[in-house]
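Colleague: I have the model open and would like to look closely at one part of it. Please pick a spot, take me through it step by step, and then go on to whatever else in the two chains deserves a look.

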2 protein chains.
Amino acid sequence: MGYMGKILKVNLSDGTVKTEKIDMDIARKYLGGKGYAVRIFYDYLQRYKKEGISPRDINPFGEENVLIFATGPATGIVGFPKSGRYHVMALRSPLTGSIASANSGGRWGPFLKFAGFDMIVIEGKSEEPVYLEVLDGHAEIKCAKSIWGMNVFDTERTLKERVGERCSVACIGPAGENLVYFANIMNDEHRAAGRTGVGAVMGSKKLKAIVVGGNERPQPAKPDEFDEVSKEAMNKIKKNPVTGEGLPKYGTAILVNVINNAGILPFKNWQTGVNPEADKISGETLAEKYLIKNKSCWGCAIGCGRVTAVKQGCFQILYSEGPEYESIWALGNSTGVMQLDAVIKANHLCDELGLDTISMGSTIACAMELVEKGYIPEELLEGVDLRFGNAAAMVEMIWRTAYKSGFGKYLALGSKRLAEMFGAPELSMSVKGLELPAYDPRGAKGIGLTYATANRGGCHVTGYTISPEILGLPEKIDSLTIEGKAQWVKTFQDFTCVVNSTVNCLFSTFALGAEDYAKLLSAVTGWNLTTEEVMKIGERIYNLERLIINEYGFNGKDDTLPKRLLQEPMPEGPAKGHVVELDKMKEEYYKLRGWVDGKPTPEKLKELDIP
Amino acid sequence: MGYMGKILKVNLSDGTVKTEKIDMDIARKYLGGKGYAVRIFYDYLQRYKKEGISPRDINPFGEENVLIFATGPATGIVGFPKSGRYHVMALRSPLTGSIASANSGGRWGPFLKFAGFDMIVIEGKSEEPVYLEVLDGHAEIKCAKSIWGMNVFDTERTLKERVGERCSVACIGPAGENLVYFANIMNDEHRAAGRTGVGAVMGSKKLKAIVVGGNERPQPAKPDEFDEVSKEAMNKIKKNPVTGEGLPKYGTAILVNVINNAGILPFKNWQTGVNPEADKISGETLAEKYLIKNKSCWGCAIGCGRVTAVKQGCFQILYSEGPEYESIWALGNSTGVMQLDAVIKANHLCDELGLDTISMGSTIACAMELVEKGYIPEELLEGVDLRFGNAAAMVEMIWRTAYKSGFGKYLALGSKRLAEMFGAPELSMSVKGLELPAYDPRGAKGIGLTYATANRGGCHVTGYTISPEILGLPEKIDSLTIEGKAQWVKTFQDFTCVVNSTVNCLFSTFALGAEDYAKLLSAVTGWNLTTEEVMKIGERIYNLERLIINEYGFNGKDDTLPKRLLQEPMPEGPAKGHVVELDKMKEEYYKLRGWVDGKPTPEKLKELDIP
């Protein structure tokens, strides 16, 4: 019934590996993926408190941090549209001090289930580099000395030479080993569990990789019913303009021109939202000049992934994947680098070294503004001309960051610490320390509220209100008003928790709503979930996650935005003159959520049956 | 009398630091610098043998390896022309398995004497990263955890922030830390003790840096006599066409066109000696397009150093030094990269990361030929198009090598192991594992004999017969004949031992001969050395060094050249049709040396008063 029924628990401090059963009561209330992981974290916090360890004292790089790789009931089910993903979470992020959370495609998620497990919980930390091999129900901690130091592609190739092709590898690159605060976990070469530095947590545990594979297969509880709802869902995805045409044809990069035309494509560290040259780095230009072919994650018919190459010049790379919209924006538009070849190379290096493209590009852009405004002593740049638009400097900063070499050691801390360190904290475009993604909320107010209230920090994929505000899905709403945005954000946040706990691809939600999810999940689990129940599960997960970050000290004052977005009116374009009127939206949002000062009330918790 | 009289002995295994007196009997026979270090090594080998450790079992990265930083009686003496250098040696090189030996300018050498010491002997290895501070006669081992991982410039800047500007720093970069077999020790930013991987030995000892400085000053024994001979020597240097005009005006890069015109500038991994495009990377072009100003080592009036910048483009670097002739050749001509901006950037990265430019460029060139001939599986290159002439690929391979990332982990082993590993050992242009420098001996036979017989492996600066063969100094001899070359090589090798033990800059020898050295050294030490005695000292050093490498197993068969130089006639240019007739020269050379099968005879050793 969707689940494999087993959680693999690995303690790297004492080298033990054991199997626990999935608790079906928890699954019924939190599904899997992110939801189940958050529930496990909550138990850890209670245990730590009993042991006298305050949540605020949890060191992201300490033995006490916990890393969870989680699939959900949908993962790896043939016919569940776009269910090739997994979710990874850490109790605490080195970048934000909040909960760490990231999601990745490829095939690693399904392959974990094929190995016989729904989740892996990693406790403690190893003295020496190790990797974990989980094959056909059997798990083993192995020595990783010979692969420590390797880049992502090398690591994967080397482990596959040992294990064979019928496995999938998730690993960290040098950035994770070197504890860069926004290091990724990478899988299947170019797939990234980016954001919030889960790769650095993995690095701190000296865990280089997890190899998964096997011959087990998850099955839906009600195969006939599932066949029917699966066909229906697949059909909706095919007919939807975004999932049926836009994403297959241009990938996520289709958004570059769309978002720039809406006047909210942040340019040069968010100094404006309009870039007259944006087409130089658009999805259309990518398709015309650099695309080789499309590529799909496991079991996905959309195939929004891009295989690309830069055949000649300084930024040559003969085989790469991506870049996605967010990466193009962060490494290109935000840094003012209007060269798609440089962006492709930069994106490739981020994948190879294991770095989050959004945080990397945004931190470079922040540094460029710091340089432009004279905050950075010249000698620290060691001869690199780190100014907006300098493609070579942008690319060079990536490997410098991964290895913390020269100025890279400052960039490796992320934009918040960087900007603080050099005396201009307002130039970090981040929320709770997490660099913001590619939509200026001065021209799409809902996403501003999402950024401000996201539990993991400045995040677009826990409540992607760009969909109604700009793309018109499921319906077009006014992007410049704050009216009704609180409800949209709450609904999207709750629903996204369902998606990330199912675990499924967020892109499914352009075509599928909570009703579809209720039907699909019911057929897979056999539980007959209603739409309301599904949304309640989502709300429960969001609130429990919030409860955890409250324990770390986050409250209403942290649900905010950079000053630039609150006080500096957008200088031009469709959103000219606008700022984000956050306070009003937040007030309404807290009311809808049943929160006070960013904290769930006891009543709300009781209503959601949170312990 | 030239010496400070003290040797600092540091044991990194037990953390002890002690001072020993210079043994003046040894100094009289071996001067200082290289000579004295070789004499110390000989004692270590005898001790190890007594302890049951065979010289052949000495692990270059083991506790048993010994690293010596040595100045000589001339170092830091005001008025001794070009005496701003120091010599560094290790008992065994990771690259060659022979003795490791390198020499560097800047000001570190004099500053070691100003700190009160002639030499530092480093034994053992530390568990944790450390650095050594030697200030005003006092030495201390300090924690280097916070600087471990830093690049060369960062390390120097950070240590100077602690100690103040009145010091000099010698350190390793990431390449040394990561045990790249041809890692340098760098000092005063861009000055390199390159060749034979002394930086990797320092890295294996977890010794990040040595800071030196102080207020002591060495003095000549006979100041009035010294004043006179000093003036005379300075005058000769000023009048000499190379030291008085060529080097000050164009630096060493003046040689690019000169050597190319002679038809012996190795192109594309030594496939030919003529490159019609060489002027693109010549000293003249460097001066025209990239030079900012000249720069001198301590106490040198020549100022052959170049301060350069690439102001824009992909290879931008706003401040750099060099590149020297050898670096331009290795990184540019040998790799077929005819872009001086890329070569400047590559040279800069080698300095920053602590890599030997000759071995780095040559190993890349070797890889390029391996790629061209199909020896390297494509997937190992990870999308980098490593073919001759690809500037971006060449530059990228440098940081990949320093961090052993991707294909860089193979390059980090040097060309000999690389070529062997991929099945084409004949494509490594090296002798005893050390990559050859920038003169094709098919058109300058003497330098071929120098390469073959150099104790540290393929080396041009232990017997620079290019001086008479090509430059016509002290007289022009026929470069294409083998007649008389054995004598030239022997004389130059012996004399160079004197220079490296004095310690002085090799460039002084364009203008000064053994007679001048005898006068200068006599005035400094007070010993009244004759020209014959000086040359005997040189011969003694060369033979003792040879005795040591014999102990490692090197014999006559290792005194050879790559097959390409012995069997493939030069395809074009002034040396067209020539190979190196090595055997004949070697026979004559061994006879002159009093060696059999590359080994000094007991009679010869007795004659030289070697124990």
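Modeller: Gladly! Two strands are taken to pair if DSSP finds at least two bridges between them. Please keep in mind that this is a predicted model.

With that rule in hand, let's start in chain A, where three strands form an open sheet in the order E13-E14-E15, with antiparallel pairing. Strand E13 (291-295) and strand E15 (317-321) of chain A are the edge strands; each has a single partner strand, so one side of each has no neighbour in the sheet. On average, neighbouring strands here are turned by 20° against each other, direction ignored. Four bridges link E13(A) to strand E14 (residues 305-310) of chain A, in the antiparallel sense.

For another antiparallel pair, turn to chain B. Strand E7 (residues 130-135) and strand E8 (residues 138-143) of chain B pair over six bridges, and Leu132(B) has Ile141(B) in E8(B) as its bridge partner. The hairpin of E7(B) and E8(B) has two residues between the strands, and Asp136(B) takes a positive phi near 50° there.

Positive phi values turn up in other loops as well. Thr196(A), which is not a glycine, has phi near 60°; this residue lies in the loop between strand E11 (191-193) and helix H6 (198-204) of chain A. In chain B, Lys206(B) has a positive phi of about 60°, again without being a glycine, and is found in the loop between helix H6 (198-204) and strand E12 (207-213) of chain B. Are these two residues buried or exposed? Thr196(A) has a relative accessible area of 0% and is therefore buried, whereas Lys206(B), at 27%, counts as partly exposed.

While we are on the backbone, look for two cis peptide bonds in chain A. One joins Leu473(A) and Pro474(A), with omega about 0°, and Pro474(A) sits in the loop between helix H18 (466-471) and helix H19 (485-502) of chain A. The other runs from Thr502(A) to Val503(A), with omega near -25°; Val503(A) belongs to the loop between H19 and helix H20 (514-525) of chain A.

The helix numbered H19 in chain B has a packing partner to show you. H19 (residues 485-502) of chain B packs against helix H23 (residues 582-593) of chain B at an angle of about 50°, with the axes 8 Å apart. The two helices are therefore oblique to each other, and their crossing is right-handed. Among the residues making the contact are Lys485(B), Val489(B) and Gln493(B) of H19(B), with Met585(B), Tyr589(B) and Leu592(B) of H23(B).

Let's finish inside. The largest nonpolar core has 334 residues, and Ile398(A), Phe407(A), Ile398(B) and Phe407(B) touch the most other members. Leaving out residues up to four places away in sequence, Phe407(B) touches several residues, including Ala367(B), Leu380(B), Met397(B) and Phe422(B).

Key: Residues are numbered from 1 along each chain as its sequence is written. Chains are lettered from A and ligands numbered from 1 in the order in which they are written. This is a predicted model: local features need pLDDT of at least 70, side-chain atom pairs count only at pLDDT 80 or more; totals for chains, interfaces and linings use all residues. Side-chain values use heavy atoms; hydrogens and water are left out. A nonpolar core is a set of buried Ala, Val, Leu, Ile, Met, Phe, Trp, Tyr and Cys residues joined through side-chain atoms within 4.5 Å. Buried means under 20% relative accessible area, exposed over 50%, partly exposed in between (1.4 Å probe, protein chains only). Contact means heavy atoms within 4.5 Å. Axes are lines fitted to C-alpha atoms, for helices over the stretch in contact, and angles run from 0 to 180 degrees between N-to-C directions. Angles under 35 degrees count as roughly parallel, over 145 as roughly antiparallel, 65 to 115 as roughly perpendicular and the rest as oblique. A crossing is left-handed if the near helix is turned anticlockwise from the far one by less than a right angle, and right-handed if clockwise.
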